[in-house]
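Me: Got a structure I'd like to talk through. Can you take my questions as they come?

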Amino acid sequence: MKRNRKYRLQLALAACLAIPAGTALAADTTADAPDTSNWVCKFCVVPYGWYGGADFGLVYVDDPTPKFADYRGLDDDGFTLDLGGEGGYRGENGHYVEYYAKNLALDSRILDAEAGKQGTYDFRGSYQEIPRYLGHGTMTPFEGVGSDMLTLPAGWAAGGPMEYAALESNRTIGAAGFTFKGLDKWRFDVDFERQEKDGTKSFGGGVFYVNAVLFPSPLNYSTDRFDASVEYTGKMLQLRAEYMGSEFDNGYSSVTWDNPLALGFGDDISRTALEPGNEFQQFSLVGAIRFTDWLKLTGKFSSGEGKQNDAFLPYSINPDFADRPLPRESLNGKLETSMYRLAGRLHVKISKGLDLTASYKASERDNKTPIDLYEPVMFEIDEQGPRSNRPYGYDRSRGDVELRWRASYQLRLNAGYVMEEIERSYQEVLKTDEDGYFGEVQWTPLAMLDMRLRYEDLSRDASPSEQQGNYGRAENPLMRKYNMADRDRQRLTAQLDVTPMDRVGVSFSVWSTDDSYDQSVIGLNDSEEKAISFDFNYLFDSGSSIYAFFTQETIEARMAAANGDGATPWNGFTEDEILSWGFGFSGQFKEKWTWGFDYVYSDSEGDIQVIDGGSGTPFPTLTTELENIRLYVDYDVNDHWGIGLELYNESYDTSDWLVDGVDPYTIDGIFTMGEESPDYDVNVFRVLARYRF
Amino acid sequence: MKALLSMILVVVLLFALPGSALADEELEYTSKGADSCLMCHRSAKWNVMGIFETKHGSLTDPNAPFSNLQCEACHGPSAAHMKAKNKAENPPMHTFADDEEATATEQNAPCMSCHSGHSNIGWMGSAHESSDVACVSCHSVHDAHDAVMDPLGQQEVCFECHQRVRSDTLKAHGHPLRFGSMTCSSCHNVHDGNNDFLLTEDNVNDTCYSCHAEKRGPFLWEHAPATEDCSLCHKPHGSNHPASLNRRPPLLCQQCHSAAGHPSLAYTGDDIGTQPADRFLRSRSCMSCHSQVHGSNHPSGSSQMR
């Protein structure tokens, strides 16, 4: 079957090339090269020199919370400096400078700059910070927060004092690059990027038995990435060879922590490994060739290698296991990846046009990490039976054939066949095959009306499920994991666009995806996602515009599980309903004034019910409500100076039974950080002076 | 091998067979280039003069349209349009208007004559190309500021068609698109069909590793779905659930983990506030203990706890 499908697709790709040239020629148009001696272009007014400007002012924030400040960087109550700007320089000889700056005085600052000679070379550089504020009422008794050694104060005992512990991190991204395009048809690019992420995040460390301690774990990541490419762009052939190298380093290889739930059997201190450093490099070749206007091919080939070889920690920090030998000192983990894709397109001129396209893609994650037998020590005290690691690998192939027929300007029909095959190593299901068909109709009965309907019907078959390797706990033999279970999928997309006049746009959309896992007695049984959407915009004569949008989405799923072989299954149901809508206006009056407002509302509800033995009380509804109102006014004082005012309010209200009311000692055996679900109602006022060159 | 031989054979046949003559149509350029066009179109009504603030309007870059055939570099030879009494009925070769009876491929041809390289090499066969998306569906080349090239304006252009994604970005958990810290193009190369889902890297995981390289591994104890596809557990555009998870744990985890004992016990709403059920249900649920769901490199981390 696998061979047949691949063969069918490869032949389809071949068919793209198989039709004799004489049968499929598009009418071409030609024109003699014009005499441009009189093309003086007197109306071509290029504004040389500096343009753009700078913005500077103050932003006032009224009582921000971490959730409000998350990503924004507006974490300080009161006034904060606000700096930014956008602009550049345009020289008569082609030299140029461009810059973009935002939030320069905040933790969410962005600065981008580029300079060079257009069409010849350019230098670029950027710097960005992305702040995260994740702690909402979080607290901890640990000392040494932010380091890899967390200790309890001397004499501290359960119920002892704790302090607020912010869970904050900051990602900084610095990048620089150079492009040279000075040689006809050739382009050379080099880019370097360094990302760093520092701070803390919440981490749960398991302790004896099914107990856990949550603590702030340190973050000290850095990732360097280097890209280089050379590219040829001809009329018929485009080809790029590129190299990418990436190296991740973690400043902390582990975190050691005093166990506040210690039983006194050698589990007073525990240690957890943090993410090991790794490196990955990849060479790619990307190309496209246009044999004629009606026959084109494109493709990509990549070959990569990943490594990870950080030294292992011992099995346990407990000295009782100090002499327990490891099978090796480090993993010597190695991945070899490859990918190739080939796509072909044949355009056949019959009436208004017929296109045959086909693509085939194969990729592999060949995991060459050595397999050994390890003897884990759980919770620093509990010896486990020997386990072998399972280096997961994948071999995937995917293809499609599509026939597109533009019967007329008003009617377009597409239909096709798709397939995907995944082979896995060391997993219960070693192979899945999915294939199916799709069809699409696009009908434009009037220039103002465009309708599009697409339907897909896919079916996935899985090879027999059999547990691989040595597990501590065997899965239920009836379990079928949803990513490798038999599945039937129907997907529908419909869109209606109406443009009764140039200045009006209305769009209705419907999406539906229905997945059924009929063969899964245990596991995900079915899931369904549905959404409807409406968009509207209107452009006034004056250049002002109004818009509105509305989306309602439902995500439902049903699963089954059972506590042991032969036990009566129970069912779990989840349903997320999301409603979002908004509207706004932007306009200009008396040339010097620009103003507008935006309103956005989003409301989400998540319902979960587990029915065991015919009954089951639903969980409380998870809710999130977001409302944002924004008003802004800009006034141009003169050609150089302007003033901008912005006022917005954002309210956010959540209810989450997982964390609400859970203080560090609420749950027996789980020492939490007392996180709460965030709520806020924050006002922001911004005043800016704008200077334009 | 059989398929490969077949392909080689048909390619050979293709070039062995003669083609028929092209049906040429002679067209004529204007006598004064852009000045002919801008005589009428430079008024604010047509909103085209912004192009001179863009790279297309450069008079010095030998590759820019205005250093070559100017307006007609994109719109095609337009002498007939200029001479016509009824200009609306005699439009230029390419108007790029919504109601132009040209396919997206035909509309894109002038653009692709210069922009067929770099990030556009994989355009042919991409989802956008297959869906008849024209370059002008997203780009406004006459505007001084093409919104889709703007960090904040870009997503509004994308949301015109991808309306559900806009709703996703307003959900409680997700990537920071609505704050401008990321844009759609941070993860997507919308011109390149060679990569899955028009992503910037070959596949979903490699794209995620661009920023989350700590999850790349390989780890000693890998979590199979994390190595296969991040989106098996996460909704990258936004979700109701922390860490942009598809569903709340423990049900998220229980979809795949059914071993006898605590992984497969049924917990109902009645169990909230009761012990020991709370330890499996609340706070971080399964991840209170099993924090290393992306993989562990601890020799004792076989249960993704250390």
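Me: Is A:I578 buried or exposed, and why?
Reply: A:I578 counts as buried because 25 C-beta neighbours sit inside 10 Å. Buried means 20 or more other C-beta atoms within 10 Å of the residue's own, exposed means 12 or fewer, and partly exposed is in between, with C-beta atoms placed from the backbone. This is a predicted model, where local features need pLDDT of at least 70, side-chain atom pairs count only at pLDDT 80 or more, and totals for chains, interfaces and linings use all residues. Residues are numbered from 1 along each chain as its sequence is written, while chains are lettered from A and ligands numbered from 1 in the order in which they are written.

Me: Where does A:I578 sit, and what does A:I578 touch?
Reply: A:I578 is in strand β32 (residues 570-589) of chain A; strands (E, at least two residues) and helices (H or I, at least four) are DSSP runs numbered from the N terminus. Leaving out residues up to four places away in sequence, A:I578 touches A:E553 and A:S604, plus B:S167, B:K171 and B:N240. A contact here means C-beta atoms, placed from the backbone, within 7 Å.

Me: How many residues does each chain put into the contact?
Reply: Chain A puts in 163 residues and chain B 125 residues. On the chain A side, helix α1 (residues 2-18) gives the most, with seven residues. That side divides into 78 nonpolar, 58 polar and 27 charged residues. Ala, Val, Leu, Ile, Met, Phe, Trp, Tyr, Cys and Pro count as nonpolar, Asp, Glu, Lys and Arg as charged, and the others, Gly among them, as polar.

Me: OK, zooming out. What is chain A made of?
Reply: Two helices and 37 strands. Of the 693 residues in chain A, 34% are buried.

Me: Which strands does β2 of chain A join?
Reply: Strand β2 (residues 49-62) of chain A runs antiparallel to strand β3 (residues 78-90) of chain A, with 13 bridges, and A:W50 stands opposite A:Y89 in β3(A). β2(A) is also joined by 10 bridges to strand β37 (residues 680-692) of chain A, again antiparallel. There, A:V61 has A:V684 as its bridge partner. Strands count as paired if DSSP finds at least two bridges between them.

Me: And the β8-β14-β15 sheet in chain A, why is one side of β8 and of β15 left without a neighbour?
Reply: β8 (149-150) and β15 (269-273) of chain A stand at the edges with a single partner strand each, so one side of each has no neighbour in the sheet. The sheet is open and its pairing is mixed.

Methods
Contact = placed C-beta atoms within 7 Å.
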